[in-house]
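Visitor: Could you walk me through this one? I'd like to start with the overall layout and then look at some local details.

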Amino acid sequence: MFDLSKIKKDFPFYKNNEDLVYLDSAATSLKTESVIDAVNEYYTEYTANIHRGDYDNSFIASKLYDETRNVVSELIGNDNPKQIIFTSGATASINTVAYCYALNNLKKGDVILLTYLEHASNILPWFNVAKKTGAVIEYIPLNDDGTFNLDNYKKCLESGKVKIVTLPYVSNVLGYINPIKDICHLAHEYKALVHVDGAQGVPHLSVNVKELDCDFLSFSSHKMLGPSGVGVLYGKYELLDKMEPLFMGGGANARFNKEGEIILKETPEKYEAGTPNIEGILGFKKACEYLIEVGMGNIYKHDQELLQYAKDRLKTLDNITIYNPNSECSIIAFNVKGIFAQDVGSYLNSLNIAVRTGNHCAKILHNVIGVNETVRASFYLYNGKEDVDALYDALKDITLEKCIGAIL
Amino acid sequence: MFDDNLKRTILLEHYKNPHNYGLKDDERYHLVHNASESCIDDIKVQMLIEDDIIKDARFEGVGCTICFASTSIMTDLIIGKTKQEALDIINEYYKMIDEKEYDEDILEEANAFDTLSKQANRIKCGTIGIHALEDLIRNYEQ
């Protein structure tokens, strides 16, 4: 059973921030006690580098590190842990696909297919690949409300020039869930690969990479209860194995000589040069275990109920414009009529409500929703109706005068 | 210096009816586009200097109350001043934001921002337009 009061107790943050209404989980999530303990235990009980020491602590740390690939695999329905590469975050994962795959495989005239929903991290690397290879960026026309349109997508593929499709599982501003399974199926018919930016999707959805049949999936630990500085790149083994890593260094090579002949380790180790963020990855293991224990299905159900409650309440307010009334995943993007988003954010801050304001790194989304700046409230498993009520109460009688008062 | 009511009135007035708002289509004016990396305020600031005197300073764009009010107030303060006088005013403003001793009299309505330093996440809003004005003055060539 999903017991919110019990779940809240698992997050020590709330002990220190009893009155804080945290509605910015799409930016970063809170951490469980088990995650924090795991990081701490590595520092206090078995500090050691991994895969290098002939002593017990190194063995313990190495074992936990390697096991993390299994736990991550369980979470995303992956049956081969060698398909899990640890990175510093989703941004690094996406850049790995861009520079290790696309840069070496795309040529002039090939098409990289994106959407206007993209976060900067899933667009800037592709701009760079396009510039260096002569490939062309094209955007799949979305429906007017920003949702995905499979017919438009298919038309894009019909040119036969699309080599890679890269798009978010869930839009970080609008909270729409893209039909990844259909997207992958169609792409493969046209011999294109699909990279999925899972930064917002993996924390909230039951993901099964085998069913989705995506070629690459990027996501970040810190948005799913784990430490910052850790991310995952899932990729199909045959692709990862053919690709060359971007970084070379210790831990990623089997041997080399003075003539410069290098024999790299196997995938995934060949992509993990240098001492990784060991404590972060051990913390991430606990985060994944926690999510598995609570159950992604239960988390999704909770998210949906809360999202519906928030939509129902906020849409009764005449002074609010909601840009994603059909949001499907724990994000509401809105503005207060006549008040600039950042002034709203500061006012909410003065009432101990943490939201994000701005363009949320999705700087081309204004092409869809018509505004640059929004206030974004985002929820996760530890949020409850009381958090929505606090937001509702604050927005109910917000005025420009009050917003200015909050900064005096 | 001002009580909160007066401050609120000043800020609200300058936000709702910003002074020196709207760019001039006049090639004698110099322009900077100040789009801060971690801020959603996005304004263009324009200036005309003749014989070392700031004849006009204008701005246009999208921004929050603090961004608009601070830029509006500062354009009022520096129009008609010499470049050096204007830089001195701007410097007093920075001192106020940095919680250093400053000359209240020289800042006039800009004293409404005398507690902005307490709002760490809004300091950028209150300096983005001012930085743009300073840039224009410093880089102005006749």
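Predicted model: local features only at pLDDT ≥ 70, side-chain atom pairs only at ≥ 80, totals over all residues.

Visitor: Fine. Which domains does the assignment give for chain A?

Guide: Domain 1 of chain A is made of 4-30 + 295-405, and domain 2 of chain A covers 36-293. Their C-alpha centres lie 28 Å apart, and the contact takes 29 residues from domain 1 of chain A and 27 residues from domain 2 of chain A.

Visitor: Which elements give two or more residues to the domain 1 side of that contact?

Guide: On the side of domain 1 of chain A that touches domain 2 of chain A, those elements are α12 (296-314), β12 (331-336), α14 (366-369) and β15 (374-378) of chain A, and α12(A) gives the most, with five residues. By residue type, that side of domain 1 of chain A divides into 15 nonpolar, ten polar and four charged.

Visitor: And between the chains, how many residues does each one put in?

Guide: Chain B contributes 15 residues to the contact and chain A contributes 17 residues. On the side of chain B that touches chain A, α1 (4-16) and α2 (65-78) of chain B each supply at least two residues, with the largest share, five residues, coming from α1(B). The residues on that side of chain B are seven nonpolar, four polar and four charged.

Visitor: Switching to α3 of chain A: which residues there are buried?

Guide: V35(A), A38(A), V39(A) and Y42(A) are buried in α3(A), and because they cover an arc of only 95° around the axis, they sit on the same side of α3(A). On the other side of α3(A), N40(A), Y43(A) and T44(A) are exposed.

Visitor: What do the buried ones pack against?

Guide: The buried residues of α3(A) pack against α4 (56-76) and α11 (278-294) of chain A.

Visitor: Now the loops. Where is the cis peptide bond?

Guide: The cis peptide bond joins T267(A) and P268(A), with omega about 10°, and P268(A) lies in the loop between β10 (262-264) and α11 of chain A.

Visitor: What about K191(A), is it buried or exposed?

Guide: K191(A) is exposed, since 10 other C-beta atoms lie within 10 Å and a residue counts as exposed at 12 or fewer. K191(A) lies in the loop between α8 (180-189) and β6 (193-197) of chain A, and its phi is near 60°, a positive value in a residue other than glycine.

Visitor: And what is phi at D213(A)?

Guide: Phi of D213(A) is near 65°, which is again a positive value in a residue other than glycine. D213(A) lies in the loop between α9 (209-212) and β7 (216-220) of chain A, and with 16 C-beta neighbours inside 10 Å, D213(A) counts as partly exposed.

Conventions. Residues numbered from 1 in each chain as written. Chains lettered and ligands numbered in written order. Domains from an automatic or database assignment. Contact = placed C-beta atoms within 7 Å. Helix = DSSP H or I, 4+ residues; strand = E, 2+ residues; numbered from the N terminus. Nonpolar A, V, L, I, M, F, W, Y, C, P; charged D, E, K, R; others polar. Buried ≥ 20, exposed ≤ 12 C-beta atoms within 10 Å, placed from the backbone. Arc of directions from axis to C-beta.
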